[in-house]
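Here is a short walk through one protein model. Keep the sequence and the 3D view side by side as you read.

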Amino acid sequence: MRESSISSTSSPVVGVSVWQHSALVSLLLAITLSFIVQPTDAFSFVPSRAAQTLSRASVSHNARHYSKQTHHLTAAPLSKTTTTSLSMKSNTQPPPYPVRVTVLGGGNFGLALATVVAKKGVPTTLLVRSEDVASHINENHRHPRYMSDICLPRMVRATCDKKSALSDATYIIHAVPVQYTREFLNSVKDDIPPNVPVLSASKGIETSSLGFMADILKECLGEDRSYAFLSGPSFAREICEGVATAVVIASEDLMLADDLADLMSGEDFAVFTSRDVIGVEVGGAVKNVIAIAAGMCEGLGLGTNAMSGLVTRGCGEMRRLGIYLGARPSTISGLSGVGDTFGTCFGPLSRNRRFGYRLGKGETAAEIRESMTEVAEGVDTSIALVKMIKERCKGYRLDLKYPILFGMADIIEGNMKPMEGMKALMNFPTRMENYDERF
């Protein structure tokens, strides 16, 4: 119903329309909740953005695709943290309603996102595989293997008991590598309550199904819950150290994206939102392959000119594939596309870039993988991307449209040496820079 037709209807309050009456009720509810849950702000008489979100949720509950559950634990006051001089003006207080977050995966990025949420005073549980790891985190507030020099917030606790970790979760953050996601989700899906939304921070394409994370999540956990996807230039160590970071969360349920942005945004962690899920997923997958190529270029000693040209042309292939699959060009040129690509290709903390560097120095993909303790998602994604392109993208000479993606797959599979691949790119037939725009 249009707003104009609603406002013409009378309400129980004389002289006030139904629309105005509902707005007043929503505002009073938000202020009341602020008094009850956040007594320190009780005399501000201005509800926080998160309180307004809760009020909005209570008024339009039937239209919401997920439900915020009420739990017995309330958010604790925000602890003092050290931030960089580059701060971002955001809501730094915990939400004015009980929230519990469970992070699936105790790797670097799982630790980073747990830190982001816990800094807001939200009880955060890490679901890890080992009881020894869980005990070490709970006793020492550090992970014994990953970023062991980083002290985790005291609001973070760890467990390997999936039932206790998931039974009362308000939000679930998935940070398990893509290739291990399906097996992991199948092992915990019966313990995940209905309607609890899932935020995925994993990037890549599954080699067996050639599906993105959105496909895997829906196949494993069903389509009756809402999903969101986080991406952007965000190294785990820098997040934990409080270095200013900006990411984007995409979801078909924009209300969920807004609530997650409220939950995670802070002085050193800015969250933007989008509806373009496929655009964010394509950017997150392709950028890792481009990073391997960039590292390989450096390992070969080809210089800044070559690397800059390679990365730029790689972004062109990302854009072409994204648009073909339905992504918006603005998403590819944003944080989750070009932004994440720059960080991964030129940042010293990039696992994919280091993998490529070692390729350029003469090691084989098998040798590098055997010696790595962390997953370089771009390796498996490179093979899966080429298979997916051949399966989904129709047209003439796909290898001419995606020469870097096809070339990297050949090099990783051992069908071509790194220098041969670079020479093939340099000897590529002359054409317009953007041949698909010649008309």
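Cys160 is partly exposed, at 30% relative accessible area. Cys393 is buried, at 3%. Buried means under 20% relative accessible area, exposed over 50%, and partly exposed in between (1.4 Å probe, protein chains only). The disulfide count is 0, a disulfide being a pair of cysteine sulfur atoms within 2.5 Å.

The model is predicted: local features need pLDDT of at least 70, side-chain atom pairs count only at pLDDT 80 or more, and totals for chains, interfaces and linings use all residues. Residues are numbered from 1 along each chain as its sequence is written, and side-chain values use heavy atoms, with hydrogens and water left out.

The largest nonpolar core holds 48 residues. Such a core is a set of buried Ala, Val, Leu, Ile, Met, Phe, Trp, Tyr and Cys residues joined through side-chain atoms within 4.5 Å. Leu321, Leu359 and Met408 have the most contacts inside the largest core. Helix 11 (277–299) gives the most to this core, 11 residues. Helices here are DSSP runs (H or I, at least four residues), numbered from the N terminus. A second, separate core has 42 residues, including Leu126 and Ile150.

Which residues does Met408 touch, not counting those up to four places away in sequence? They are Val289, Ile292, Ala293, Met296 and Ser382. Contact means heavy atoms within 4.5 Å.

Methods:
Helices (H or I, at least four residues) and strands (E, at least two) are DSSP runs, numbered from the N terminus.
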